[in-house]
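Hi,

Here is the structure I promised to pass on to you.

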Amino acid sequence: WILNYDIMARFRRRTCIILLLFILFICSIMMALKTLRPDRAGFGDPFGLGLLPELQQRTMLLDNNQNSLNRVQDTVTRVSNFHSVAVNTVKASMAPVNKLEEELSSPNYNFHIFYYSWFGNPQFDGKYIHWNHPLLPHWDPKIANNYPKGRHNPPEDIGANFYPELGSYSSKDPSVIESHMKQMRSASTGVIVLSWYPPGMADENGEPTDDLVPVILDYAHKYNLKVTFHIEPYKDRDDRSMYHNVKYIIDKYGGHPAFYRHKTSTGRLLPMFYVYDSYVTIPEIWANLLTVSGSQTIRNTPYDALFIALLVEERHKHDIHRSGFDGMYTYFATNGFSYGSSHHNWASLKAFCDSNNLMFIPSVGPGYIDTSIRPWNNHNTRNRVNGKYYETAFSAALLVRPEIISITSFNEWHEGTQIEKAVPKRTGQVVYLDYKPHKPNVYLELTQKWSEKYRKEQEQWLM
């Protein structure tokens, strides 16, 4: 009897030890699953959570069968197998992300690129949008009469001097959005400056696109890019409407991991808004919104942000300062077209900004040609010179040591400033320009080259 008691006692001790080891094993599985969760899982992706109920059921099964060593061992075996399957599943899901990271350059969050989501085609939109852009008449009727009228007729005839590799695409096409994100990431840009109109509003040739923002944010996040907003001059834009629209953007999109926030010199993380054609609104109206004492002030509220004004003429720099803006950008990819877009003025503009605690964000571009929609505007064409024009602009920008460089543009095809892939094309009477003798991705490669050069030079500036 004593011998049997001793055997039973040892059996219970052994069972307790096995149980303790098994509980520790379960904990390690849960910690492993948590650790293995991909860093770049999609927004709100609950990866791994679906696995936990099965683990909990198996733990309960163990508690109800403490006296059966064989069953415990079977359960350990099953959980071990399950753990192996789970790890393999995680590795499989991570593989494309890791491969993507190896293939693409790291994003440079000081390189901001203007992006347009206003294109449409019959497959996704029921009709062509923007590719069928009208020919805009000259303001002088005498000159206007010398040029053709009408509008373009896609897909062979589009409102652009170059032709996209993706054809006359829709900005709603998920495969197009993904291709765009991959191209921008390959160029080592980091922040997409998305052209934006309030819900229900659009430019005169387009349709509302705010509904597309969540999709763009999701795809941007997949490629580790950030998104900020280029607020267009919508109807009745003033201090009050801007306050409501900034609030709308931050409330609706500010929680997304791809929503861009800029770290200021004081350590604050603030959203950033580029304000196109800001000069059409008088400084007093902007001051209501952008100065601490303004009647509609956004300062020191949950919706405070960095507001970047467009500088075209030299006098605008004083208006921008009086208005309460946080900085200025030049947008146009036409050296010599305006005071702001002229490279030789960037040094004095940077000095003005430095002395007034403003950000100066020069805009560089690969060239400019808009004669497909403004046939009378030949004099503002800027030849790409096989990439030399673009590199000259980057070189001029780096000379003034800016905190941020903006790129005009990824896909403003109407004005020929795009760095998106373009291909040679000839249709009937139309012969499109192309990037030959280089490949369709040459401007992405040049952007990546200058992004790396900027990073290296910035390290020197900060020493």
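**Cavities, pockets and the strands**

The second largest cavity is lined by Phe332, Ala333, Thr334, Asn335, Ser341, His343, Trp346, Ser363, Val364, Gly365, Tyr389 and Ala393. A word on the source: this is a predicted model, where local features need pLDDT of at least 70, side-chain atom pairs count only at pLDDT 80 or more, and totals for chains, interfaces and linings use all residues. Residues are numbered from 1 along each chain as its sequence is written, and side-chain values use heavy atoms, with hydrogens and water left out.

Some terms, so that we read the notes alike. On a 1 Å grid over the protein atoms alone, a cavity is a set of points where a 1.4 Å probe fits but cannot get out, while a pocket is an open set with protein on both sides within 12 Å along at least five of seven lines; lining residues have an atom within 4 Å of a point. Grid points are joined across faces, edges and corners, and a volume is the space filled by probe spheres set on the points.

Back to that second largest cavity: about 30 Å³ of space lies in it. Strand S9 (363-364) and helix H12 (388-399) each supply at least two residues of its lining (helices, H or I with at least four residues, and strands, E with at least two, are DSSP runs numbered from the N terminus). The lining has 6 nonpolar, 6 polar and no charged residues (Ala, Val, Leu, Ile, Met, Phe, Trp, Tyr, Cys and Pro count as nonpolar, Asp, Glu, Lys and Arg as charged, and the others, Gly among them, as polar).

Among the residues that line the largest cavity are Tyr116, Ser117, Trp118 and Asp203. Ser117 sits in the loop between strand S1 (108-115) and helix H4 (122-125). Is Ser117 buried or exposed? Ser117 is buried, with a relative accessible area of 6% (buried means under 20%, exposed over 50%, partly exposed in between, with a 1.4 Å probe and protein chains only). Beyond its neighbours within four places in sequence, Ser117 is in contact (heavy atoms within 4.5 Å) with Ser171, Leu194, Thr209, Leu212 and Ile216.

Now the open spaces. The largest pocket holds about 690 Å³ and is lined by 33 residues, of which Tyr276, Phe332, Arg374, Glu412 and Glu415 lie nearest its centre. Phe332 also lines the second largest cavity. The second largest pocket holds about 560 Å³, and Thr264, Ser265, Leu306, Asp326 and Asn357 lie nearest its centre.

Finally, the strands. In strand S5 (residues 269-275), 6 of the 7 residues are buried, so S5 is largely enclosed by the rest of the structure. S5 pairs in the parallel sense with S3 over 3 bridges (two strands pair if DSSP finds at least two bridges between them), and Phe229 stands opposite Phe273 in S5. S5 also pairs in the parallel sense with strand S6 (residues 306-310) over 4 bridges, where Leu306 is the bridge partner of Met272. Strand S4 (residues 261-263) runs antiparallel to S5, joined by 3 bridges.

Best wishes
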